[in-house]
Amino acid sequence: MKVCIAGGGKVGMYLAQSLLAHHHKVTIIEPQEMLCRTLADSLDIPVICGDAISFDTMRTADVASCDAFVAVTGADENNLVACQIAKREFGVNRTVARASNPKNRELLHTLGVDTVVCGTDNLSHILEREIETDTIRQLLSLGGGTASLNEILLPENFQFAGQAVKDIPMPGDAILVCITRDAEFIIPHGNTTLLPWDRILCLTQDDTLHLLMDAWGLSGK
Amino acid sequence: MNILVIGCDQVGASLVRDLEHIGHDISLIEKDPEQLKRLDAFDDYRFRGTALVGDPTDPDTLRQGGIDNCDAVAAVSEDDSVNLMAAQIAKSIFRREKVICRVSDPHLQVLYHKAYEIDTICPTVLTEQSVFRALAK
């Protein structure tokens, strides 16, 4: 796949590295000449020095031949406009923008960007959860940071200990995926019971995870 | 008319002055508080509207600036991306009909006028045309 990245800062550079490692073709657009030199020296890929929201730069970068266009500069409005140009003028199928401001995640999507990734939002979610409680750990962020796979360690005084899964409340959008009990791995069914010190994997929507935590008496210590 | 003006550089400040002169009510949003000093720099004019310091690409700031009740929006800051994003929010989120956007890049002007139906004004093209006319006479 051929990918054009607008913005050669840390995010752009690491993204380019990992795309290259997966055998994609990468071009970077970056306005700062110094950064361009560093990128060109270290990555051995085409680096176009120029403003990402200029037609000339995008034409030089041959954006029209790209399968995807990713805008990861620090300014959300530039990322939006760059993606819109890539889509409308150069016919790129898939556009991805980074939103620094969490509020802009929905907004940029509404305004036509295919996928919006908000690093700030994802990071603050993870931190918030780590701080909130040590019984729960996020293993995987899904759905662009709207859902996650979580590991929950059931406490010694777990209030539904010994009860069957079918009798335990499951508020919000949540699915119990598996249970690790000492060395035993269990795929739960309705009749499976939960015990203290079970490590369970739970797939949840992020905004309803707290409902589950409340119902199971796991929020706060 | 209630008019929301975004950006208070030389263009924005003069626009605000001229619109107030003919009796319009102005609400102004500008990122940089320093820029608002321009409003005090005119000899025979004092700003009577409301000015707000904030990010014009944030719907909450636009709401605070009264976008829900305005009859027209003019995004005239120096930054093309800021103007284009603010103008699109005004059009597609707040459903304002009259939205005018300053775009310095002629290519961008054409694209956004055609593809996004935003009324765009391009200072680059206007300057070129004026100079051309002055010389071609």
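What covers the buried residues of helix 4 of chain B? The views below come from a predicted model, and the second legend picks up the answer.

**View 1. Chain B as a whole, with its five helices and six strands.** Reading along the sequence, you get the pattern β-α-β-β-α-β-α-β-α-β-α. The radius of gyration of chain B is 15 Å, close to the 14 Å from the globule rule for 137 residues, so chain B is as compact as a globular protein of that length. Its C-alpha trace spans about 45 × 40 × 25 Å along the principal axes. Of the 137 residues, 38% count as buried. Look at contacts between residues at least 6 apart in sequence, and 51% of them join residues at least 24 apart. An unreviewed UniProt entry puts the annotation "domain: RCK N-terminal" on residues 1–122 of chain B. Over that stretch the chain is 35% helix and 22% strand, with the end C-alpha atoms 24 Å apart.

**View 2. Helix 4 of chain B (residues 106–116) and what sits over it.** Buried here are B:L108, B:Q109, B:L111 and B:Y112. In an α-helix there are 3.6 residues a turn, so residues three or four places apart point the same way. As for the opening question, the cover over these buried residues includes helix 4 of chain A, along with helix 3 (80–93) and strand 6 (119–121) of chain B. Just past the end of helix 4 of chain B, keep an eye on B:E117, which takes a positive phi of about 50°.

**View 3. Helix 5 of chain B (residues 123–136), hardly covered.** This helix has 14 residues and runs 20 Å from its first C-alpha to its last, close to the 20 Å expected at 1.5 Å a residue. How many of its 14 residues are buried? The count is zero.

**View 4. The contact between chain A and chain B, from the chain A side.** Chain A puts in 16 residues and chain B puts in 14 residues. On chain A, helix 4 (76–88) and helix 5 (104–110) each supply at least two residues of the side that touches chain B. Which element gives the largest share of that side? Helix 4 of chain A does, with seven residues. By type, the residues on the chain A side divide into eight nonpolar, three polar and five charged. Helix 4 of chain A also turns up in View 2, as part of what covers the buried residues of helix 4 of chain B.

View 5. Chain A has seven helices and 11 strands. Buried residues make up 34% of the 221 residues in the chain. For contacts in chain A between residues at least 6 apart in sequence, 54% join residues at least 24 apart.

Note on methods. Residues are numbered from 1 along each chain as its sequence is written. Chains are lettered from A and ligands numbered from 1 in the order in which they are written. This is a predicted model: local features need pLDDT of at least 70, side-chain atom pairs count only at pLDDT 80 or more; totals for chains, interfaces and linings use all residues. Two residues are in contact if their C-beta atoms, placed from the backbone, lie within 7 Å. Helices (H or I, at least four residues) and strands (E, at least two) are DSSP runs, numbered from the N terminus. Ala, Val, Leu, Ile, Met, Phe, Trp, Tyr, Cys and Pro count as nonpolar, Asp, Glu, Lys and Arg as charged, and the others, Gly among them, as polar. UniProt positions are given in the numbering used here, feature names are shortened, and annotations may be inferred rather than shown by experiment. A residue is buried if 20 or more other C-beta atoms lie within 10 Å of its own, exposed if 12 or fewer, and partly exposed in between; C-beta atoms are placed from the backbone. The expected span of a helix is 1.5 Å times one less than its number of residues. The radius of gyration is taken over C-alpha atoms; the globule rule is 2.2 Å times the number of residues to the power 0.38.
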